[in-house]
Amino acid sequence: MVQTIHNPDKYEEDILQIKKISNEMVNDCMQCGKCTAGCPAVAEMDILPHQILRHLQLGHFDKVIQSKTIWNCASCFTCASRCPRGVDLAKLMEAIRLISLRRKGNDRLKVENISQLMTDEKMPQQAIVSALRKYSK
Ligand code: SF4
Ligand code: SF4
């Protein structure tokens, strides 16, 4: 595979951070497109799910983190269930959202504040789903 990594040091750092949060390997993806074919949210995405993987493989992390796609992913795990290579793209999307928030300085959420935050009508759907998965048993 020919790689066009813009900044090798930065690429390593970004991919390591994604791996640390999600425990997923972007290079496992073989670009079959099954994730995109089954994704219910593609109409709201500016980069398709399989393209997110390809951009990550090529080191285009800035393009991915600035995309609408990461915020319009519904965390439904359809992609993960369809992937023949066992790549959990939903987890990767969540990791990228977390990195985005951390870069803006919003890296900590107090558990006691969550119920109040959930009443905010502007709260993104995936934030509610993610909080539910993280903080419920
Ligand atoms: S289904 Fe899996 S292997 Fe196929 S493009 Fe999506 S992430 Fe890659
Ligand atoms: S988890 Fe996100 S990317 Fe995967 S199928 Fe659902 S909406 Fe699409």
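Let me begin with Q31, which is partly exposed, at a relative accessible area of 28%, where buried means under 20%, exposed over 50% and partly exposed in between, with a 1.4 Å probe and protein chains only. This is a predicted model, in which local features need pLDDT of at least 70 and side-chain atom pairs count only at pLDDT 80 or more, while totals for chains, interfaces and linings use all residues. Residues are numbered from 1 along each chain as its sequence is written, chains are lettered from A and ligands numbered from 1 in the order in which they are written, and side-chain values use heavy atoms, with hydrogens and water left out.

Q31 is found in the loop between α1 (8-22) and α2 (34-38), helices being DSSP runs of H or I with at least four residues, numbered from the N terminus. Its phi is positive, about 60°, although Q31 is not a glycine; most residues other than glycine have a negative phi.

Q31 is also one of the residues around ligand 1, and among the others are C29, C32, C35, H50 and C83, a residue being near a molecule if one of its heavy atoms lies within 4 Å of it. That shell divides into 7 nonpolar, 3 polar and 2 charged residues, with Ala, Val, Leu, Ile, Met, Phe, Trp, Tyr, Cys and Pro counted as nonpolar, Asp, Glu, Lys and Arg as charged, and the others, Gly among them, as polar.

Now to ligand 2, whose surroundings include C39, C73, A74, S75, C76, C79 and A90. Here the shell holds 10 nonpolar residues, 2 polar and no charged, and the elements that give two or more residues to it are α6 (78-82) and α7 (89-103).

S75 sits in the loop between α5 (69-72) and α6, has a positive phi near 55° without being a glycine, and counts as buried at 5% relative accessibility. A90, in helix α7, is likewise buried, with a relative accessible area of 4%, and its C-alpha atom is separated by 8.4 Å from that of A74, 16 residues apart along the chain.

As for α7 itself, the helix has 15 residues and reaches 21 Å from its first C-alpha to its last, close to the 21 Å expected at 1.5 Å a residue, the expected span being 1.5 Å times one less than the number of residues. It is mostly covered, with 11 of its 15 residues buried, including L89, M93, E94 and R97. Just after α7, G105 takes a positive phi of about 90°.
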